[in-house]
Amino acid sequence: MIFRKSDYSETQEDPKIAGILKSAKDFARKISPDDWKDKVDEIYKDLTVVLCDNNRSCKRLENGKLCDVKVPAGAAAYKFFASSDSRSYKTTQGIAICSQASNHIITHEVLHAFSSNSGKTENGGGYIKIGSRYTEFDGRGNIVTTTSADLNEAITDALASRANGRVGPGANAGYASQVIVADLLMGEKVENNAFIQDVYFGKSKKFAEDFDKTLKTSKVKFSDYLQSFRILGSEEDTQKSDELLKGAVEYNLRKAATSEEIDKVYAFQQKVIHIYKDGGLYTNFMEAEDIARMESLLKFADKMQKQCKSNLVAQKFANKQAVKDF
């Protein structure tokens, strides 16, 4: 890591921030696929950390040029590319941090960096992937497509909380509605987690296909969410996001192989939904209609838990009958 002042001159390492970044790096290595762990180490080694002054203004280097920017209001930190090679799309990561940035915010921004990947495409263009957000460029550097932007923020914020031993969004999270989807989809265990490893660090296809194949009740496709609708959007998007919440609950309950596993998954889902329903960890971000949505989701989870346990009993009986008939 290279620590710099807001004028981009080198400065001494800040022990507190360095400790948070090291902890986030260790967490990213723990949850990433085996073939990504060395990449996390490389990003950490080359990371540019800009310490901003009190007026929340700093400078960053982008495509080899120095320019003035401001940290987004309320963020106190943000991620940027310290440098970028337009020929190979090779990038060097950086984060800018104000003195008042919380542990959660710093962890969130550096997780963006640790989940970044870039390279060339067959059409002579390139891509930059940050977590689940995938942006493809043509041969002239124009953006061809960008997908999964809000899902990427959701997973990153959920993971920042998990890295700090909590569940739920950070203080004043502007995308709390998205974070609950990520929390429910990833479930309780984040290490060796198929959702995180495939959707956040991979290309999303494998998990999306399994999700779509597993659902029998919820009327949503994860592949559609990756491509077409946002959680915060039109009324139609809201209806789809409600189905996605149900799908997240249904998917993990149906993937549980025993009655005990079903109960454990269900208990965690209840915990997550109640955290959001009761106003979050730090701030009352839920409107009355959102609380009603959470209450509806609790009822759906209860119904789905009973159905999955009933299915297990029926399957065991069918297996015994098959053995008897044989």
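This is a predicted model: local features need pLDDT of at least 70, side-chain atom pairs count only at pLDDT 80 or more; totals for chains, interfaces and linings use all residues.
Q: What makes up the secondary structure of the protein chain?
A: The protein chain has 11 helices and 10 strands.

Q: How many of the residues in the protein chain count as buried?
A: The chain has 326 residues, and 50% of them count as buried.

Q: Why is P169 called buried?
A: Its relative accessible area is 1%. Buried means under 20%, so P169 is buried. P169 sits in the loop between α4 (149-163) and α5. Its C-alpha atom is 9.2 Å from that of L159, a residue 10 places away along the chain.

Q: Is K25 called buried or exposed, and why?
A: K25 has a relative accessible area of 11%. The cut-off for buried is under 20%, so K25 counts as buried. This lysine lies in helix α1. Leaving aside neighbours within four places in sequence, K25 is in contact with V40, D41, Y44 and F114.

Q: Which residues of helix α2 are buried?
A: In α2 (residues 37-46), K37, V40, I43 and Y44 are buried. Two of these, V40 and Y44, are among the contacts of K25.

Q: What makes I180 count as buried?
A: Its relative accessibility is 1%. That value is under 20%, so I180 is buried. I180 is found in helix α5.

Q: Which residues is I180 in contact with, leaving aside its neighbours within four places in sequence?
A: They are L245, V272, I273, Y276 and M294. I273 is 93 residues away in sequence, yet the two C-alpha atoms are 7.6 Å apart in space.

Q: Which residues have the most contacts inside the largest nonpolar core?
A: They are L21 and F222, in a core of 83 residues. Helix α1 gives the most to this core, with eight residues. In soluble globular proteins, nonpolar side chains tend to be buried together.

Q: What is F222 in contact with, leaving aside its neighbours within four places in sequence?
A: F222 is in contact with L151, L185, F195, V199, F207, A208, F211, D212 and L244.

Q: Which residues does the second, separate core include?
A: This core has five residues, including F81, Y89, I130 and F137.

Q: Why does Y89 qualify as buried?
A: Its relative accessible area is 11%. The cut-off is under 20%, so Y89 is buried. Y89 lies in the loop between β5 (77-85) and β6.

Q: What is the phi of Y89?
A: Phi of Y89 is near 60 degrees, a positive value in a residue other than glycine. Most residues other than glycine have a negative phi.

Q: Why is N192 called exposed?
A: N192 has a relative accessible area of 60%. Exposed means over 50%, so N192 is exposed. N192 is found in the loop between α5 and α6. Its phi is near 55 degrees, also a positive value in a residue other than glycine.

Q: What is the volume of the second largest pocket?
A: The volume is about 560 Å³. Of the 21 residues that line this pocket, M186, G187, K189, N252 and V265 are the closest to its centre. The elements giving two or more residues to the lining are α5 (176-186), α6 (194-200), α9 (235-255) and α10 (259-277). Helix α10 gives the most, with five residues.

Q: What classes of residue make up the lining of the second largest pocket?
A: The lining has 10 nonpolar, five polar and six charged residues.

Methods: Residues are numbered from 1 along each chain as its sequence is written. Side-chain values use heavy atoms; hydrogens and water are left out. On a 1 Å grid over the protein atoms alone, a cavity is a set of points where a 1.4 Å probe fits but cannot get out, and a pocket is an open set with protein on both sides within 12 Å along at least five of seven lines; lining residues have an atom within 4 Å of a point. Grid points are joined across faces, edges and corners, and a volume is the space filled by probe spheres set on the points. Helices (H or I, at least four residues) and strands (E, at least two) are DSSP runs, numbered from the N terminus. Ala, Val, Leu, Ile, Met, Phe, Trp, Tyr, Cys and Pro count as nonpolar, Asp, Glu, Lys and Arg as charged, and the others, Gly among them, as polar. Buried means under 20% relative accessible area, exposed over 50%, partly exposed in between (1.4 Å probe, protein chains only). A nonpolar core is a set of buried Ala, Val, Leu, Ile, Met, Phe, Trp, Tyr and Cys residues joined through side-chain atoms within 4.5 Å. Contact means heavy atoms within 4.5 Å.
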